[in-house]
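Here is a short note to read with the structure open. Take the points in order, and check each against the picture.

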Amino acid sequence: MTDTYTQLVNSGPGRTIARRLGLPQPAVLRRYRPGEKLASAPVLVLGGGSGADSVAGALLDWDLDVRRHAAPKEKLAAIILVLDGLTRPEDLSAPLLAAGAALRGLVPGGRVVTISRPAAASDAPELAAARQGVDGILRSLAKELRAGATANGILLGDGVGAVSPSALGTLRFFLSGRSAFVDGQFLAVSSDAGPAPQHWDAPLAGKVAVVTGAARGIGAAIARTLHRDGATVIAVDVPAAGDALAAVANEVRGTALQLDITREDAGERIIEHAVQRHGRLDIVVHNAGITRDKLLANMDAARWDSVIAVNIAAQLRINDALLAADSFRESPRIISVASTSGIAGNRGQTNYAASKAAVVGMVRSTAPLLAAHGGTVNAVAPGFIETEMTAKIPFATREVARRLNSLQQGGRPSDVAEAIAFFASGPAAGVTGQVLRVCGQNLVGA
Ligand code: NAI
């Protein structure tokens, strides 16, 4: 589960050898720690409209050192391109060339963030062309950045301003170490909803969160991260994982619920435990998942059906119970763990990819149902994450899978957990029905 190569090329002699041989040079990523400094150098805000002025003002409120024009050779922690006023493709030239001229000053682990509006079929063709252009720019620029720097984009929905609470919450997520392994991705902010963000280091204080599959791996990391952010955590896993589950629950000072999520009454059991033991339920993270890989030509019913049962059918049934429950109506949050396999496909995983693509479909159509209660539902799609599961992949295959992304390394379970914690937080109230890849920008497929 340790990436020895990344450690090696970040030591003096290792770095020289890797450079000489033209080998990948993954950087040690800048990851979040409570109390982190959001920016170690000035932040450059580019864009001519009033949106750019507002964003610059908001960053000043965060005590950042803000520039509206690049100074020669100045180091920059981030470049923010506010492109919400584009009307035609030619409008892209000035801000993008200014950004390009400033890129060499970007510090290791720096950030580029675009703020723009999505192209819609109802837009005039010229407007839609300009807006869609940002997609190509962002995804290409993310592939050009080095030294652990990332580029991500915010898409503002109809009537949503560049400094609405969730636009700012998303901007802060992309700027911070919480998004270390998110690269080349967009998040859409669909409403102005949400409280003005306040407690950036304890955004989940007072919330009660359920995490399924919490006994180990990514689920245990999610439990730890939600606890760190202030939530009370209910750790759920199968009875056979009881000891490991109890250990995680104790570590996060939460409670353990031994439960197979495929049980018919799993949703009711979760709600009952939450209400009886903690008096409320705010956040449900559907993380439990299994793989039973086989080429479709060799697939049997047991493999196919078990994957569907755990990875999607159980989530649907639990969600039905949650939607019907009076105790899950105060800005409820559901976050599902999907996979890049469900987006790009993966050989030997038709069953698993079906279940994970199904999660994406479920999230999109559940969003309007939860919106009635001021709630949101989103998915996180991890790429290659350093876990016990991926440690078992044969060396050569593992090295290929791990390096073929813009950051040239695998992510950590905590990287997935950070994205989930963001979706669970108040500032993400205007973000729903989204699928965020935490994959370092896989170069193949997704
Ligand atoms: P893992 O196998 O280490 O942990 C999964 C946990 O879920 C286990 O503790 C297991 O006991 C529990 N679980 C399984 N079936 C259950 C059931 N019926 N009821 C309750 N709990 C159950 O897996 P890992 O790697 O931590 O993955 C977590 C999630 O992330 C899964 O949904 C997986 O598909 C997804 N994922 C993982 C990636 C990776 O690189 N490890 C990549 C993409 C997605």
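This is a predicted model: local features need pLDDT of at least 70, side-chain atom pairs count only at pLDDT 80 or more; totals for chains, interfaces and linings use all residues.

1. Next, the overall dimensions. The C-alpha trace spans about 60 × 50 × 45 Å along its principal axes. The radius of gyration is 22 Å. A compact globule of 446 residues would have a value near 22 Å, so the protein agrees with that expectation.

2. Now the inside. Of the 446 residues, 54% are buried. Here, buried means under 20% relative accessible area. Look also at contacts between residues with a separation of 6 or more: 74% of them join residues 24 or more positions apart.

3. Then the surface and the charges. The protein carries 45 positive and 39 negative side chains. The centres of these two sets lie 8 Å apart.

4. Turn to secondary structure. The protein has 15 helices and 13 strands.

5. Find the open sheet of six strands. Its order is β2-β1-β3-β4-β5-β6, and the pairing is parallel. Which strands sit at the edges? They are β2 (66–67) and β6 (186–189), and each pairs on one side only. In general, strands of a sheet pair through backbone hydrogen bonds, either parallel or antiparallel.

6. Strand β1 covers residues 43–46 and runs parallel to β2. Two bridges join β1 and β2. Val 43 has Val 66 in β2 as its bridge partner.

Key:
Residues are numbered from 1 along each chain as its sequence is written. Side-chain values use heavy atoms; hydrogens and water are left out. Helices (H or I, at least four residues) and strands (E, at least two) are DSSP runs, numbered from the N terminus. The radius of gyration is taken over C-alpha atoms; the globule rule is 2.2 Å times the number of residues to the power 0.38. Buried means under 20% relative accessible area, exposed over 50%, partly exposed in between (1.4 Å probe, protein chains only). Contact means heavy atoms within 4.5 Å. Lys and Arg count as positive and Asp and Glu as negative; His and the chain ends are not counted. The place of a charge is taken as NZ of Lys, CZ of Arg, CG of Asp or CD of Glu. Two strands pair if DSSP finds at least two bridges between them.
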